[in-house]
Amino acid sequence: MPKLKPFFALFTFLVVGLLLLITSQFFTSMKHLDEVINDRGPSSEILRVALLLEGPTYDQGWNSSAMESITEMQKRFGFSLEIANNIKADQITNVAQKYAANDYDLILGHGVIFSEPFTSVARKYPRTRFVSFNGEAPHSNQTTIRYDMKPAGQLVGMLAAKMSRTGKVGYILVDKPPEMAQAEGFRAGVKKASPNAEIVVGKVSDFNDIENAVQKTREMIAHGVDVIYTTGDSFNLAVITEAQRSKVYTIGYIADQRYIAPDYVLASLVQDVRQCYRIIFEQYMADRLPSGKVVYGLAEGVNHFSPFGPMVPPEVRADIERELQHFISSRGSFGG
């Protein structure tokens, strides 16, 4: 048998070594995840909390707001915290069950996608409290937080219509049932402010559908739309940037997104995730967190406008503020 040349032998050795290292790191990582879930820590008396996220923690929107909010609550209440992000739909039940089986006290799923899997797990683990958003909560150890989005959508629709010069406004949203209440409110607000305005709605498949959201933006602009409201977790940045190129106004969502395009973002409808988590934890720690569906909205300060951009005239700001105060005064707190 011919001898291997020295270079080929060295190359083979390095490749095999690298593969072994990668494999070792993979199993070490998986082992670490199990250890994190299974480790009770130095004291079993410490409240154990897990936050589950569908997307990344750096999206500058829905997921990053959750991470920042719960970190703030951890400093305040001193609980043990684990954050699991980028969880696929078919992984949620298994991940939730692992945390519950290892005596986590509170498991929060930051989105509607967690509701159904939590329902399938909650009955088996009555000592664990499960909290999700915009879904169902049939068990006594479940809570689902719902945002009262129709009034908020109406405020945005009024702002869009009042700031449109062409009389054509756009709304890019995810085609899922929880999003429809805000869309209904948006239409009502536009018609209240400008009965003859045209409303162009662009629907995309999910909150991470950046490509289609940008395509909808381009189609709207080509149609003459000059104000666009965008309500996606991951695609807002791309939509606002694309609209700015054509000098088209946008209205941001979830976080104050004026920083993306200061001259073209009129304002943002903020879903104040921090305020939402403050209410959740204050009620949970006082053993007063309701089971079932809980509604938060304008009255609780969970929904509110960011500061307006300088292009929004004082009279428009005053109109929006009057409508906001009307909604707050006409609705009791916590869904009352």
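The model is predicted, so local features are described only at a pLDDT of at least 70 and side-chain atom pairs only at 80 or more, while totals for chains, interfaces and linings use all residues. Residues are numbered from 1 along each chain as its sequence is written, and side-chain values use heavy atoms, with hydrogens and water left out.

The average pLDDT (the predictor's confidence in each residue, from 0 to 100) is 87, and 84% of the residues score at least 70. Where pLDDT is low, the predicted coordinates should not be read in detail.

The protein contains 10 helices and 12 strands, taken as DSSP runs numbered from the N terminus (helices are H or I, at least four residues; strands are E, at least two). Of its 336 residues, 48% are buried, where buried means under 20% relative accessible area, exposed over 50% and partly exposed in between, with a 1.4 Å probe and protein chains only. Among contacts between residues at least 6 apart in sequence, 65% join residues at least 24 apart.

The buried residues of α6 are Gln-182, Ala-183, Gly-185, Phe-186, Gly-189 and Val-190. They cover an arc of only 160° around the axis, which puts them on the same side of α6; the arc is that of the directions from the helix axis to the C-beta atoms. Among the elements covering these buried residues are α5 (149-163), β6 (168-174) and β7 (198-204).

Strand β6 is itself mostly covered, with 6 of its 7 residues buried. Strands count as paired if DSSP finds at least two bridges between them. β6 and β7 are parallel and share 7 bridges, and Lys-168 stands opposite Glu-198 in β7. Together, β6, α6 and β7 form a right-handed β-α-β unit; right-handed means that, with the strands pointing away from the viewer, the path from the first strand over the helix to the second runs clockwise. β6 also runs parallel to β8, joined by 4 bridges, and Ile-172 has Thr-230 of β8 as its bridge partner.

Next comes the loop between β8 and α8 (236-245), where Thr-231 is found. Thr-231 counts as buried because its relative accessibility is 0%. Beyond four places in sequence, its contacts include Ile-172, Gln-182 and Tyr-253.

Another loop, between β11 (292-296) and β12 (303-305), holds Gly-297, which is buried at 0% relative accessibility. Gly-297 and Arg-146 are 151 residues apart in sequence, yet their C-alpha atoms are 8.4 Å apart in space.

Finally, helix α2 has 16 residues (62-77), for which 1.5 Å a residue gives 22 Å, in agreement with the 22 Å between its end C-alpha atoms. Its buried residues include Trp-62, Ile-70 and Met-73. Gly-78 follows α2 and has a positive phi, near 70°.

How values were computed. Contact means heavy atoms within 4.5 Å. The expected span of a helix is 1.5 Å times one less than its number of residues.
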